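Take a walk through this structure with the sequence beside you. We begin with the strands and then turn to the helices.

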Amino acid sequence: MKVVLSALQMDAKSEWKMPLRGFFYEDASCSRIQAYYHQSQEHRAAQDLAMLLAMAPDHADAALWMQACEAMGDYYRSVSDVMAPYGLLPAAVYEVDNTDYSHLYHEGDRVGLPSIEEYNAQVRNGIALTDSVYLRRFPVAYQFRGFNAVALSKSKAAFVLAGVLHDQKLADIASRQVEWVLGFNPYASSTVFGDGYDYHLIYDACAGHVVGSVPVGIETWENEDKPCWPTQVNATYKEIWTHSTARLMSCVAELISCSLN
């Protein structure tokens, strides 16, 4: 865990217009901030820290684990109002000219290949923190578009941290991400097939329209940093993906647990 936490920004970035802390870098070099754009795993660090604190509260590093949870909680609290009134947590902090395509999956040699110009254009449509650092409301999209899993991974992390820190505000922030998926979005449309109101048909070439299935989700248009939910029933935004459905189930389990407690 010390290796993981070496990539966590513990102190607020006072030089930024929003002095944020509690976000992760890709590695201990802290040269590039961690960002997910499709199949997010953002909740894993919070889960691991919560498990460690539950299993080994008297460990020599327990105070460090709790400080890390506090920092991560501060991050979610600090950015929770940038998409009022919806309360959607922004995707990540990005830096102009700072990306790496070397391990990026793409379908075919000429399909979905991003360019640094497109990356920079998307970054600059975010909220400026400095001349070169921006907070994006939605992920920089390299190929696949649709961000339910990104929102729900953040929701899971906030639920876990709310439990560790006994913080109702974090629980409310977590609930907002679920509400976004279920219809509290600019389209007043549930993205879950068969649940809520004004839900759309979804794309599935094999299973058909499965009640309770969750598609990849609301996307963005080209290089913009605002939501887009096309009416077309097409991949990837309307396509069923198991990870987005599983994330929603996990977050609903957290909601049930909160109500029982």
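**Strands, then helices**

Strands (E, at least two residues) and helices (H or I, at least four) are DSSP runs, numbered from the N terminus. Two strands pair if DSSP finds at least two bridges between them. Tyr94 has Tyr134 of strand 3 as its bridge partner.

This is a predicted model: local features need pLDDT of at least 70, side-chain atom pairs count only at pLDDT 80 or more, and totals for chains, interfaces and linings use all residues. Residues are numbered from 1 along each chain as its sequence is written, and side-chain values use heavy atoms, leaving out hydrogens and water.

Strand 3 also pairs with strand 2 (residues 127–128), antiparallel, over 2 bridges. Ile127 stands opposite Leu135.

Now look at the faces of strand 3 (residues 133–136). In a regular strand, side chains alternate between the two faces of the sheet. Here Val133 and Leu135 lie on one side, Tyr134 and Arg136 on the other, and all are buried. Buried means under 20% relative accessible area (1.4 Å probe, protein chains only).

Helix 3 (residues 62–79) has buried residues too, including Trp65, Cys69 and Tyr76. Among the elements covering them are strand 1, strand 3 and helix 5 (148–165).

Helix 5 also contacts helix 2: Ala46, Gln47, Ala50 and Leu53 of helix 2 meet Lys156, Ala157, Val160, Leu161 and Val164 of helix 5. Contact means heavy atoms within 4.5 Å.

Terms used:
Buried means under 20% relative accessible area, exposed over 50%, partly exposed in between (1.4 Å probe, protein chains only).
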